[in-house]
Amino acid sequence: MEQKLAAIDANMKIADSKKTDVSDEKHADAKMVAHNGLDEDDIYSKNMFNFSNRASQVSSKPMRSKEIATKMPPAVKFSQSVYQWNIYDRYVEEAKKNIARRLANGKGSRVTHRKKVISVFENFSYGVLMGSQHQTKQKVLTYNGSEDTLARNRIMNNPKAKLLASMLDRIVVQNAKSSAFMKFKYKTKNDNRDLVGESKKRGSFEHLFTCTFSEAKNKTVTALCWNHKYLDMFAVGYGSYEFMSMHVKGIICIFSLKNTAYPSYLFRLNSGVMCLDFHPTYSNLLACGMYDGTVAVFDITTKSGKPIFIADDPKKKHWEPVWQVRWKKTVHGKPNSFTSISSDGRIVDWVMAKTELVNLEVMTIKAKEKLEDEEDLDGEDDDDDDAEANAELAGGTCFDVNSGGDLYVCGTDEGALRIYAKHFDTECLEKFEGHHHHIYKCQWNKFHSSVFLTCSEDWHVKIWHTDCTQPVMSYNVGKSVGDVQWAPYSSTVFACVSNDNYLRLYDLATDKHEPIGEQQVLRKTKHKNAKLTHLAFNPRDPVILVGDERGVVQIFKLSPNLRNISASSIDKLVDRVEYDKLSKYLIFKKTNKHRKRDVGRKKKEMKLKATE
């Protein structure tokens, strides 16, 4: 009980103390209000929840402008003569300062800094200008570049580094164009489409790659040629068929299917390229004919980029554009040689001597040729040398030599088509009806030695037989035909390109009248579509090259129906089988009854008798 009373007393004391504190606070507030002259409500009117600033209006000061007139500073004229060596010394001095500043900002001991300074100043090559005996020696300081630039040049000039860089470039291109390489190596949807329905007899072209070069953007593809040993390598010649622009320079680019983005080898020429041909045995030799009549031989493995042989002497070279060059078969113990034809009417053999190209004129193409029978009918004398000397020459545009090497088939710019025999004093053995316009290409069939093919600007592609003066077959494509070529895998297959941008492939064994494969290659430019100019079959793979007049080469893959072959591979083809295959589809009537193989021999015998 006593404890409860004690607790109550303690609580009462605490309550009394709180009352005294509150009264003291009120007393202090009253004193502050009385001292400041404020109302009692103003002390408790502001808090953190409803506080707001009070704004007041202040008068703005007026703006004043102040102007001051000053005199121009006096001008002083200064002139000094600056010579080339002053500019040179200033550049060298600035280069030294930059090198010293760069070394000062680097890290390392004084010894390493000293080595760096010595290595940098060793990059300055000192040359001595030797004067006469009375002149003093003077050292000239030449700046060859910074240390980084020299190190980079040393790496790029290293042949091993170049090889590694080319391999890396190929890897990057093959990764970027992996889908195209897969189409080239394996079957595609077009391949499977050939085996279904109505397309069993027709085929298609699958686009794989596009080859371009920046410097040849506005030039024309004037030549295409595959290498006979490295079958993934091909050469492209750039020039122009617009002969009014005479100062077009030529370019030769060597591409590879492993890297179609940039050429592996590059050659720049002073005249436009007109024709190319790789040597069948020595794969590094490339023959070239140019617009100005010059012929040259390049070794693609050289680093100089210049021809190893060139015939640019006006007394030796052709006088007009060289339209075609062709290597001759290599004979053991004799130098290599090739043949060329030009618009000047001459066919010339070029022999690679030790230091120069030696020219040997094979024959001249006359505007009007007469056979032996025609001469007998006219009653003219065979020994009329004056008539032969005054005979006009026809402009040769194309030629080809048969497998025996003795018969030349030649086409002219007037559409004439003739066969000459080299072994019989280069006499004209036969004249054909030919074409009505410029003949662009003629080619013997490699399986049938009596059949050849021609194309012309008169819209026609014609197949000829040596026993018939009229064409065995003729195809009108509706536009000028720029190029035609037999396929290497079949004696009955050939392809052509025309100015309407169509690539057509014919197979006589499947359809004698219509192409079994046809595709329009469209590539729009600013003004018009680029016309197709040339094509080339790959010797081994089912691939064909197509070039146009804007410097672009496109690569297509042939579908299975376009590459029908009688053997498992091209190397296993039997010539006799292919010969019989083509002969079965050639139906013609023999019309050249007067053609004789021994015309030249008989003339020689008659001349000998006359002299006796």
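This is a predicted model: local features need pLDDT of at least 70, side-chain atom pairs count only at pLDDT 80 or more; totals for chains, interfaces and linings use all residues.
**Cysteines**

I started with Cys442, whose sulfur has its closest cysteine sulfur in Cys398, 3.5 Å away and too far for a bond. The cut-off I used for a disulfide is a pair of cysteine sulfur atoms within 2.5 Å. By that rule I found zero disulfides in the structure.

Residues are numbered from 1 along each chain as its sequence is written, and side-chain values use heavy atoms, with hydrogens and water left out.

Next I looked up burial. My classes are buried for under 20% relative accessible area, exposed for over 50%, and partly exposed in between (1.4 Å probe, protein chains only). Cys442 has a relative accessible area of 0%, so I put it down as buried. Cys468 is buried too, at 4% relative accessibility.

**Salt bridges**

I then went through the charged pairs. Side chains of opposite charge can pair when their charged atoms come close. A salt bridge here is a side-chain nitrogen of Lys or Arg within 4 Å of a carboxyl oxygen of Asp or Glu. I got 13 salt bridges by this rule.

I picked out Glu206 and Lys183, which form a salt bridge with their closest N and O atoms 3.3 Å apart. This pair links distant parts of the chain, 23 residues apart: Glu206 sits in strand E3 (residues 205-211) and Lys183 in helix H6 (residues 178-185). My helices (H or I, at least four residues) and strands (E, at least two) are DSSP runs, numbered from the N terminus. Glu206 is buried at 15% relative accessible area, whereas Lys183 is partly exposed at 32%.

I also noted Lys316 and Glu356, whose side chains meet in a salt bridge at 3.2 Å, N to O. Lys316 is in the loop between strand E11 (309-311) and strand E12 (322-327), and Glu356 is in the loop between strand E14 (346-352) and strand E15 (357-364), so this pair ties together parts that are 40 residues apart in sequence. Lys316 counts as partly exposed, with 29% relative accessibility. Glu356 is partly exposed as well, at 37%.

Asp541 and Arg540 make a salt bridge through their side chains (3.3 Å, N to O). I have Asp541 as buried, at 19% relative accessibility. Asp344, Arg346 and Glu361 I logged as linked in a network of salt bridges.

**Surface patches**

For patches I took residues with over 30% relative accessible area and no salt bridge, joining like charges within 9 Å and nonpolar side chains (Val, Leu, Ile, Met, Phe, Trp, Tyr) within 5 Å. Accessible areas come from the Shrake-Rupley method with a 1.4 Å probe, and for residues only the protein chains shown count as cover. Lys and Arg count as positive and Asp and Glu as negative, while His and the chain ends are not counted. I placed each charge at NZ of Lys, CZ of Arg, CG of Asp or CD of Glu.

I found a patch of negative charge on the surface where Glu320, Glu392, Asp413 and Glu414 gather. Asp413 is in the loop between strand E17 (407-412) and strand E18 (417-421), and at 35% relative accessibility it counts as partly exposed.

On the nonpolar side, Val82, Ile87 and Tyr91 form a surface patch with about 340 Å² of accessible area together. Tyr91 belongs to helix H2 (residues 84-105) and is exposed, at 61% relative accessibility.

**Backbone and contacts**

I checked phi angles next. Trp459 has a phi near 80°, a positive value in a residue other than glycine. I placed Trp459 in the loop between strand E21 (451-456) and strand E22 (460-465), and it is partly exposed at 41%. Asn501 is another non-glycine residue with positive phi, near 65°. Asn501 lies in the loop between strand E25 (493-498) and strand E26 (502-507) and is buried, with 6% relative accessible area.

Last, I looked at Pro560, in the loop between strand E30 (553-558) and helix H10 (575-583). Pro560 and Asn192 are 368 residues apart in sequence and 8.7 Å apart in space, C-alpha to C-alpha.
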